[in-house]
Amino acid sequence: MIAGVDNNSIVYLNGEYLRLADAKVSVLDRGFVFGDGIYEVVPIYNGKPFRMHQHIARLQRSLQSVRIDIEYTEAQWMALVEGVLARAEQPQANLMVYLQVTRGVAKRDHAFPAGIEPTVFCMASPFARPGTAQRERGLSAISVPDTRWLLCHIKSVSLLGNVLAKQAAIDAGVDEVLQFRDGFLTEGSSCNIWVVKNGVLMAPEANHLILEGIRYRFLAQLARDAGIPFQARPISAEEVNVADELMLTSATKEVLPIVQYNGNSVGAGKPGPVYSVLRASYDRVIESL
Ligand code: PDD
């Protein structure tokens, strides 16, 4: 039994729907031995997947980037996820789908093994949307060096750098980290970071140094629709220090303001006007699903 999860929830593993507590993979799975796999996290609102096509497209790109051969069409991925959603205890609730594919099970050898089947796993768990405190009071963050590898655009399960970064935030008593490589902002431990200065919304360019979140283009579009100028460009540590607003986005955090950074107030120390506009737009899209 695993604490903190519903052990009776039904998950998908390699063609079967099983109780979570009964779903097992080999210790020689390359996901376990090498972190040799990729994943997706998709939010589901009242039973309706949000931006599922974009998540499946990113899954396919990740698979291609790491050369895991699996001939699933978008429709097959959708069917698999729908199978898990249909078996959820409360299919109409807010849920979070986790989908993971590893290269499969083989004798330990760094080289790709021949003739093995990838391991495919999918589960849905209850998803609590960010509450009033986080939305209205905001989050705190510190800066840390980005110590990760150079293929951060791949949604790999090799997340040790991200895990250590998140723990650095917890150890410092804050909510999140902003990572910097060579003096420039990359992203949070598991979220994209946004900077506002003089009414302009900015984010680091979506290159190999960050994961392009599904909310990256979405938020940029919400900004454009609201008449807020958006720039994707390198953002220095100094610019972050003097930002009017900071915010983050991810599947589970949606969009949230960062109001304390390295112990100082960001802007007025409360959620700013650009955040408020984007937050309201985000909520409207969710409500209209
Ligand atoms: N993380 N950058 C990193 C490193 C991430 O891990 C994530 C998401 C994002 C935002 O991507 P999206 O908007 O598609 O959620 C950016 C997920 C939620 C996770 O690992 O749980």
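Mentor: G183 sits in the loop that joins strand 8 (176–181) to strand 9 (184–185); strands (E, at least two residues) and helices (H or I, at least four) are DSSP runs, numbered from the N terminus. The model is predicted, so local features need pLDDT of at least 70 and side-chain atom pairs count only at pLDDT 80 or more, while totals for chains, interfaces and linings use all residues. Residues are numbered from 1 along each chain as its sequence is written, and side-chain values use heavy atoms, with hydrogens and water left out.

With a relative accessible area of 36%, G183 is partly exposed, a class that lies between buried (under 20%) and exposed (over 50%), for a 1.4 Å probe and protein chains only. Once neighbours within four places in sequence are set aside, G183 is in contact (heavy atoms within 4.5 Å) with I235, S236 and A237. For I235, the separation from G183 is 52 residues in sequence and 8.6 Å in space, C-alpha to C-alpha.

The loop between strand 9 and strand 10 (192–197) holds E187. Because its relative accessibility is 5%, E187 counts as buried. Apart from neighbours within four places in sequence, its contacts are R148, C152, V177, L178, Q179, N192, I193, L209, I210 and L211. P118, by comparison, is 69 residues from E187 in sequence and 30 Å from it in space, C-alpha to C-alpha.

For the twelve residues of helix 5, 1.5 Å a residue gives a span of 16 Å, which agrees with the 16 Å between the end C-alpha atoms; the expected span is 1.5 Å times one less than the number of residues. Just after helix 5, G173 has a positive phi of about 75 degrees.

Helix 5 also gives the largest share, five residues, of the lining of the largest pocket. That pocket contains about 800 Å³ of space. Its lining has 36 residues, of which Y39, K155, S189, S190 and C191 are closest to the centre. On a 1 Å grid over the protein atoms alone, a pocket is an open set of points with protein on both sides within 12 Å along at least five of seven lines, a cavity is a set where a 1.4 Å probe fits but cannot get out, and lining residues have an atom within 4 Å of a point. Points are joined across faces, edges and corners, and a volume is the space filled by probe spheres set on them. By class, the pocket lining has 15 nonpolar, 13 polar and eight charged residues; Ala, Val, Leu, Ile, Met, Phe, Trp, Tyr, Cys and Pro count as nonpolar, Asp, Glu, Lys and Arg as charged, and the others, Gly among them, as polar.

In helix 2, M52, H55, I56, R58, L59, S62, L63 and V66 are buried. They cover an arc of only 160 degrees around the axis, and therefore lie on the same side of helix 2. H53 and Q64 are exposed on the other side. The cover over the buried residues includes strand 3 (37–45), strand 4 (48–49), helix 3 (74–86), strand 5 (95–102) and helix 6 (214–225).

The structure also holds one cavity of 30 Å³ or more. About 50 Å³ of space lies in the largest cavity, and strand 14 provides the largest share of its lining, three residues. Strand 14 is also the place of E254. E254 is buried, because its relative accessible area is 0%, and its phi is near 55 degrees, a positive value in a residue other than glycine.

Conventions
Arc of directions from axis to C-beta.
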